[in-house]
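Biologist: I would like to learn how to read a pocket in a model. Where do we start?

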Amino acid sequence: DGDGTRSGGLGLTHAVEILPSMVEHVKQRCLPGKGGLNYPILEEYDFQNDKKNPDLHIDLKPTANLRSYQQKSLSKMFSNGRARSGVIVLPCGAGKSLTGVAAASRVKKSV
């Protein structure tokens, strides 16, 4: 909405940018348990505007073809033009390694 909030099916979402030195502290405070706020947190990496980490010049081979479910997992990871944190869960033999390499070739950063 331009003001850092989004409405979704589960309620209101607030988007904030946190100083790198405070990320671990904020993550710990958002966890459930003693002293935690029990708030879900989603990290995003603005790889397109990252000037700190060096670029990697990598691409998938032109002959590499991603399956539809691999493309779907990548589209969820890279929505909003940023890389979201998370885990890619696919069954054995479904191409997790290729999906990870495809993600790395899209980010093109050494982090």
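Modeller: Rolling a probe the size of a water molecule over the atoms shows where empty space is left. On a 1 Å grid over the protein atoms alone, a pocket is an open set of points with protein on both sides within 12 Å along at least five of seven lines, and lining residues have an atom within 4 Å of a point. Points are joined across faces, edges and corners, and a volume is the space filled by probe spheres set on them. This is a predicted model: local features need pLDDT of at least 70, side-chain atom pairs count only at pLDDT 80 or more, and totals for chains, interfaces and linings use all residues. Residues are numbered from 1 along each chain as its sequence is written, and side-chain values use heavy atoms, without hydrogens and water.

Biologist: What volume does the second largest pocket have?

Modeller: About 160 Å³. Its lining includes Leu 42, Ser 73, Arg 84 and Ile 88.

Biologist: Which element gives the most to the lining of the second largest pocket?

Modeller: H2, with three residues. Helices are DSSP runs of H or I, at least four residues, numbered from the N terminus. H2 covers residues 68-77 and holds Ser 73.

Biologist: Is Ser 73 buried or exposed?

Modeller: Buried means under 20% relative accessible area, exposed over 50%, partly exposed in between (1.4 Å probe, protein chains only). Ser 73 counts as buried because its relative accessible area is 19%. Leaving out residues up to four places away in sequence, Ser 73 touches Ile 88 and Thr 99, where contact means heavy atoms within 4.5 Å.

Notes. Helix = DSSP H or I, 4+ residues; strand = E, 2+ residues; numbered from the N terminus. 1 Å grid on protein atoms, 1.4 Å probe; cavity = no way out; pocket = protein on both sides within 12 Å on 5 of 7 lines; lining within 4 Å.
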